[in-house]
Amino acid sequence: MPLPSSTATPLLFEQGQPGRATPYVAATASARSFLPREMMRGDDLELPDLSELEMVRHFTRLSQKNFGIDLGFYPLGSCTMKHNPKVNDAAAALPGFRDLHPFTPDHLAQGALQVMWELERALSSLFGMAAFSLNPSAGAQAEFTALLIAKAYFKNRGDAGRTTVIVPDTAHGTNPASAAMVGYKVVSLKSKENGRVDPEEMRKAVGSDTAVCMMTNPNTLGLFEDEIATIAKIVHDVGGLMYYDGANANALMGITRPGDMGFDLMHLNTHKTFTIPHGGGGAGHGPVGVAAHLVDFLPSPMVVRDGPEGRTTDAHTFHLDFDRPRSIGSVRSFWSNFAHAVRALAYIYANGADGLRKVSQLAILNANYLRVKIAEFLTVPYNEICRHEFVASAQDLKRETGVRALDLAKGLLDSGYMAPTIYFPLIVPECLMVEPTETETKETLDAFVETLRSLVVSAKSEPETLFNAPQHTPVGRIDETRAARHPDLRWIPAQTGAR
Amino acid sequence: MYTPHTARDIDEMLTVVGAPTLGELARVPDAVALKVRLDLPQATAEIDLLRRFEHLAARDTGVAYRQFVGAGAYHHYVPPVLGALAMRGEFLTAYTPYQAEVSQGSLQAIYEWQTYVCLLTGLDIANASVYDGATAMAEAAIMAINATGHRTLLVSRAVHPNYRVVLKTYADGLDAVIEEIPDTAGGITDWQQLAERLAAKDVAAVVVQSPNFFGNVDTPDEASQQAIKAAGALLIGVVAEALSLAVLQPPAHWGADIAVGEAQSFGVSLAYGGPYVGFMATTKEHLRRLPGRLAGKSVDAQGRTAYVLTLQAREQHIRREKATSNICTNQAHCALLATMYLAAVGNTGLRAIATENLRRSRQLATAVANVPGFRLAHQAPFFNELVVRVPGRAGDVLAALEAKGILGGVDLGRWYPEYADAILMTATELTTDADIDALSAALKEVPARAAAV
């Protein structure tokens, strides 16, 4: 079902009346008695006072203009929009986790530390790394962190001439952006005919200036890089490091591990593979894993288990270790997006080792099933066994009808689906990147295929409908040019007028 | 778990795909195939899973203590209405609002958040959020380096130590130089030292926090503001306790070109450090240097008001290595919580809660200063945190309080050797008379204990 068309919701700032706000905390004094006048804010602050009911209706109405996984199929490639189990939120909301202050002494925070330690161990095993840091807040920050680790590693070896990062042309945009933040020069590597990195091109690209090669496997076309071991060897032979972008890790679990492919560093988006809700764009969580030779450089603090080796028992104690002289430092105010560590660990324990392998296998099955069905009516440029996602192209359809990937995407919104990722990866024109995830039923996939098929059919008979889509959503296509040319980024109080 | 496939589904789908088994379909080259047994437990049923986590959460015994710990993360009241609304799946299970037509809820909420941040800081524009207070400060430093072409960052020693660690970590990537502005014995930035440090250097930004890490209001005077401007540097104003903005002069008032900070106080749970939500605001002239998402107001094809992510030419998915930042996923859901919090408490409530923090922290100060052997380290006006000098080592006093079921604050000696006998204590609207009485009584027993040891 598409979201219903709806009327505009007034801004919070256009609602309420002064003095109407709910008194959650009793007012017992005036600020004037506590602060020198010149330090005090005058009456310039004019936030709206709404009744609780006004506020509830406002956000309930806004929610009704939002599409989430809980409402329907969300085949957004590279984003792994799978079901977010509610038990994970319940676990994260347990008072012992929710209300724990980050400066609580270690011996009074043993549960939280154990969660972090167990997650770190689980991820290390699952991905073949020596250790993980739970410090970074999202995938992009994790990439940045990993590149800082690489930089510190080379500096520590006295290896000063490594200035470039190699990135395939199918890479996520964050890869080159992260490399630039660390001061590395970015070399883009052209993919070969079959959509994979070409070992010959890699051989030409590497040299004594190569610091890191950033890759994802499967790549953003959803294809497994079959020659990854060879590629890793080429990079290692010149002294470079291999970095694994874990955005596509949902295709790997229990099947293969970045560590076994030859990667030295990696990150995970636990908000993709490990079911943390995306929340409309965060908060994310981006653990960084490294091989043994890089462990010393991981951010601080790390959680350390004290006591006997062996199986986890509650007899062990845990502490935060800040004494890490080679560490790159830290990339956040406090240790980790801990609530997300709880969610990720709950998901791992719910599934177990065999369950996680099944998750990846079924993600691959769902993607291939869609690929085969969709290839019946839309071009699939790399029509071979894919992993958890694949790309289709509307290039031929556009030539024939004028209907572009964007128009198909908007048509899907009208039909009650989230659109696939479009115009990415950049190497496929009129690209639609489809990632169904393993949590969708065959019935859902079949219905999606039929909807997309009917859109392609109607592109040929009545393309206008698609050019004007969506019509059945809260708003229609938005004037993005106007938004960019005349930026209106906030409400302005009427009395002060112009900014 | 959470996979809906029946055996029959799998068979039918494998037939369509043309693979004999799931294992065969998912096969990778032997050279890289998994060869070890994963060190993970077997699947756990939900009922047992939740029991396991209840057991772990119960080991976090610290939550049951009387709390005087702040230092950048604060115990505040969270109205239940927030949880009821924020957990709606439409908000919680949506992705970044790229498809604006079906993301108007997220987008309007971001626009409202941007407005709140502008109103609170007094600046012109704000972004959709940054990871947290520390990274907001680091991103602001990058902005300043890009805006000025300078590479030196002058950072007050009274800025949160964790924030300074993060800034240093980011600066290592940028080859920027960080220099410290010392703090005075009075617990504020040594503004006298600023002028001479500004003179010699290619300063990109001066970074100050107010209320600073010691809890004190710490803002540059007119002359310092002028000196920063004259040096061609930007002033970055950090606010680690966003609630203070309800009663203290906003960063724009004291000359900040960029205001950044932490909004965890606005309805976001402590959760042992995250996720929280960083905010970031600046003046119009730096609009195109802002990192991260921006929601803008526009119209749809029918002329109806509609919101959309805008000015994306700054961002990594368009500009790749030329982007203003690599930030992609940010803190949307925490920013939504903060927006809901501000909408719920309103102007009246926010001022009342901030005032209650002023009142309770002064009640705390008086109670502590009345215990023989204890005194306030500073005279400067503060918001809800204060530094207390104790007899002996801070760690010993904190341990003694702990034995009485009290988390008395943070040992400042951890970062500042000259404060090895000092505790940073915090009181908020959640602090009760009973908490302060219990603290006071426990402190009275401390000198005797310390002497005995």
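How much area do chain B and chain A bury between them, and what share of it is on carbon and sulfur atoms? The two chains bury about 16200 Å², 64% of it on carbon and sulfur atoms; buried area is the accessible area (1.4 Å probe) that two parts lose on being put together, summed over both. The size of an interface is often given in this way, as the accessible area lost when the parts come together.

This is a predicted model, in which local features need pLDDT of at least 70 and side-chain atom pairs count only at pLDDT 80 or more, while totals for chains, interfaces and linings use all residues. Residues are numbered from 1 along each chain as its sequence is written, chains are lettered from A and ligands numbered from 1 in the order in which they are written, and side-chain values use heavy atoms, with hydrogens and water left out.

**Between the chains**

In chain B, 183 residues are in contact (heavy atoms within 4.5 Å) with 206 residues of chain A. Three salt bridges are counted between chain B and chain A, a salt bridge being a side-chain nitrogen of Lys or Arg within 4 Å of a carboxyl oxygen of Asp or Glu. One of them pairs Lys410(A) with Glu101(B), whose closest N and O atoms are 2.9 Å apart.

**Aromatic rings**

There are 32 aromatic pairs over all chains. Rings of Phe, Tyr and Trp (its six-membered ring) pair if their centres lie within 6.5 Å; planes under 30 degrees apart count as stacked, over 60 as edge-to-face and the rest as tilted. Phe334(A) and Tyr276(B) make an edge-to-face pair, because their planes stand at 70°, with the centres 6.1 Å apart. This pair joins two chains, since Phe334(A) lies in the loop between strand 9 (317-321) and helix 11 (338-374) of chain A, and Tyr276(B) in the loop between strand 7 (258-262) and strand 8 (278-282) of chain B. Helices (H or I, at least four residues) and strands (E, at least two) are DSSP runs, numbered from the N terminus. Phe334(A) is buried at 1% relative accessible area, and Tyr276(B) is buried at 1% as well; buried means under 20%, exposed over 50%, partly exposed in between (1.4 Å probe, protein chains only).

Tyr347(A) and Tyr2(B) are stacked, 6.1 Å centre to centre and 15° between the planes. This pair also crosses between chains, from helix 11 of chain A to the segment before helix 1 (7-17) of chain B.

One aromatic cluster includes Phe322(A), Phe334(A) and Tyr276(B). The charged end of Arg414(B) sits over the ring of Phe322(A), 5.1 Å from its centre, where the rule asks for NZ of Lys or CZ of Arg within 6 Å of the ring centre and within 35 degrees of the ring normal.

**Cysteines**

A disulfide is a pair of cysteine sulfur atoms within 2.5 Å, and the count over all chains is zero. Cys431(A) is buried, with a relative accessible area of 0%.

**Backbone**

| Peptide bond | Omega |
|---|---|
| Ala469(A) to Pro470(A), cis | near 0° |
| Ser210(B) to Pro211(B), cis | near -10° |

Pro470(A) is in the loop between helix 15 (463-467) and helix 16 (480-485) of chain A. Thr275(A), a residue other than glycine, has a positive phi near 65°, and Thr275(A) is buried at 1% relative accessibility.
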